Amino acid sequence: MSIAAEQPAVSTSREPSFLVLLFSRGSVIAGSFLIALMVLTAVLAHWIAPFDPNALNIANRLQPPGSAAHLLGTDEFGRDVLSRVIHGARTSLAIGIAIVAFAVGIGTLIGLVTGFYNRVDMVLSRIMDGLMSFPGLVLAIAMTGVMGASSTTVVLALGIVYMPRVARIIRSAVLVVRELSYVEACFALGATRFYVLFRHVLPNVMSPIIIQATFIFSYAVLGEAALSFLGVGVPPTQPSWGNMLAEARTFIVLAWWMALFPGLAIMITVLGLNLFGDGLRDALDPKLKGR
Amino acid sequence: MPEALLRVNELRKDFVVGPMFRRKTVQAIRGVSFVLNKGETLGLVGESGCGKSTTGRAAIRLIEPSSGSIEYDGVDLASVGARDMRRLRQDLQIIFQDPYASLDPRMTVEQILTEPLGIQKIGTSAERRERVMDIIAEVGLQAAHAARYPHEFSGGQRQRIGIARSLILNPKMIVADEPVSALDVSVQAQIINLMQDVKAKHGMSYIFISHDLSVVKHICDRVAVMYLGEVVETASRDALYEEPLHPYTKALMSAIPGRRGAQKRITLKGDIPSPASPPRGCAFHTRCPSAMAICKTTPPQAIETGGRKVACHLYN
Ligand SMILES: Nc1ncnc2c1ncn2[C@@H]1O[C@H](COP(=O)(O)OP(=O)(O)OP(=O)(O)O)[C@@H](O)[C@H]1O
Ligand SMILES: [Mg+2]
């Protein structure tokens, strides 16, 4: 039993009731459904895509949707749009996850430290303000100029752009928690600042961290699309929704389907993430929590 | 002769507040001195904002005093290094006013009560668990409560958990910062009784902060009355309630509802001055019914008369 007492303070007895609370919301159910759809598509891309996404078929180029086994038509090289959208889910979601991990991981750490250590705050928060006042896309484009266009560059560039937002939100949550008596009580028991920060403050700012993660994810999917659309993102050999849109631009009058379907995929993903994030935020709101 | 546990001398705490370029200094406490004897309950009373909480926290160095000395059991607390101070914290505990903010919502009662032993590295996990279950029983909770989360308890029960947490390291003194003022009147008495029971059993000392003079009369042995960051009068409970000396204490006493043989209520004129700019001379002169010319210019020195202390020109 005493083993159980030393486990991290994840509220086991509250979790079921929280999940029930969460999934009693229509927006959460709808959002989870859309996200699950996209994740499954990405994971099963190899098996469900009818064609090789890079297989050229010049004879069949620019076929409209529904023609000759190409459900969503073909692009200017005769590649199957459906297969490219399906494989694009892989790229876009993988990049999104990497950006979330980077931005939320580092942003949380910086938010914790700046919220808790006044001296570090003076310097680090000014740097964060500086980063935030810089237009995100411009920063990302500048980085691509230096590092060359690749998935890694996209992840680093967008990660750095979104990280200060996370840091700022976590910092303000920390500023609230650190004034609560249980934090003071812990100091009175002889705990170090480091202990208090990770044992009490971090677990109690988990809600804003999780909420931020879902919203950053949807920004990241959009951001990747924007960078790839501008030609500074994922190279065209690796299909992503963003670079599909970029190629479609030239053919928008001839072949509307080339732009429509990757666009729809982005829209569905972002919608799903935002629906889920909104519901999550409401469910985690202490004012709405039972008692 | 009672033996002193804690001697606080000329303790000051300034808070710097406000945005950059418009900084101002709030003098939360301005030279507070008192002695806490072993096994004693010392009351700290005064209006809101007079510096009671700051005094209680600075006395155990939960906030760093700006100046002054604190002698605890022969040790100069102010000069103890960080590591030694963390060890010493076993002896110096605190109970909070707000039973909702004082417990981490993500920990069970057992985790909350085991944590102090973990931080101070006391006992094996079996010993810790035994100690936790003992203390749970001692504060009037049930063993089944150990696995529950704070939100499953009432305010009074949460305060019991807070008391249990402060007791588990066997402290020598506990600062109780308005431990019952957030509770229903019916629950207040239970918590006060619990505090008295555990004191009778373990013999620690309390600094009991309150603005409720009836509660203070019930639980305290001696009382220090504070006004605007200073102690204006210190006396035994009986002496203070029989015959308050300081005009401010007199005013406070006259405001206790249902006091027998009460003289008519003394109503203080004006508001409490801001601790950012306390009045010159005696801080109380702006509201004092017996203010004299000297009070506007010279701060009164505390003088001892018959085992009690008072800082007022009337007695010089
Ligand atoms: N952390 C702080 N920063 C700035 N000013 C503070 C801080 N803590 C206390 N003060 C100020 O110091 C003064 C004394 O505050 P303190 O909390 O000690 O009073 P109190 O007697 O406990 O009042 P209450 O009965 O309302 O609890 C007040 O004017 C308060 O505004
Ligand atoms: Mg207070």
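**Surface patch and salt bridges**

Modeller: In this predicted model, Val39(A), Leu40(A), Val43(A), Leu44(A), Trp47(A) and Ile48(A) make a nonpolar surface patch of about 600 Å².

Colleague: Which helices each supply at least two residues of the nonpolar patch?

Modeller: They are α3 (26-43) and α4 (45-48) of chain A. Helix α3(A) gives the most, with three residues.

Colleague: Where is Ile48(A) placed, and how does its accessibility count?

Modeller: Ile48(A) is in helix α4 of chain A. Its relative accessibility is 42%, so Ile48(A) counts as partly exposed, a class that lies between the limits of 20% and 50%.

Colleague: Let us change topic. How many salt bridges are there over all chains?

Modeller: The count comes to 21 salt bridges over all chains.

Colleague: Which residue forms a salt bridge with Glu230(B)?

Modeller: The partner is Arg30(B), and the closest N and O atoms are 3.2 Å apart. Glu230(B) belongs to strand β10 (residues 230-236) of chain B and Arg30(B) to strand β2 (residues 24-37) of chain B, so this pair ties together parts that are 200 residues apart in sequence.

Colleague: Are these two buried or partly exposed?

Modeller: Glu230(B) counts as partly exposed, at 25% relative accessibility. Arg30(B), with a relative accessible area of 11%, is buried, because buried means under 20%.

Colleague: What about Arg222(B): with which residue does it form a salt bridge?

Modeller: Arg222(B) forms one with Glu40(B), and the closest N and O atoms are 2.6 Å apart. This pair links distant parts of the chain: Arg222(B) is in strand β9 (residues 222-227) of chain B, while Glu40(B) is in the loop between β2 and β3 (41-45) of chain B, 182 residues apart. Arg222(B) is buried, with a relative accessible area of 19%, and Glu40(B) also counts as buried, at 7% relative accessibility.

Colleague: And which residue meets Arg308(B) in a salt bridge?

Modeller: The side chain of Arg308(B) meets that of Glu233(B), at 2.6 Å from N to O. Arg308(B) is in strand β12 (residues 308-310) of chain B and Glu233(B) in strand β10 of chain B, 75 residues apart. Arg308(B) is buried, with a relative accessible area of 8%, and Glu233(B) is buried, with 1%.

Colleague: Back to chain A, please. Which residues are linked in a network of salt bridges?

Modeller: The network links Asp75(A), Arg79(A), Arg84(A) and Glu247(A).

Technical notes:
Residues numbered from 1 in each chain as written. Chains lettered and ligands numbered in written order. Predicted model: local features only at pLDDT ≥ 70, side-chain atom pairs only at ≥ 80, totals over all residues. Heavy atoms only, no water. Salt bridge = Lys/Arg side-chain N within 4 Å of Asp/Glu carboxyl O. Helix = DSSP H or I, 4+ residues; strand = E, 2+ residues; numbered from the N terminus. Buried < 20%, exposed > 50% of the residue type's maximum accessible area, 1.4 Å probe, protein only. Patch = residues over 30% accessible without salt bridge, like charges linked within 9 Å, V, L, I, M, F, W, Y side chains within 5 Å. Areas by Shrake-Rupley, 256 points an atom, 1.4 Å probe, with all protein chains shown as cover.
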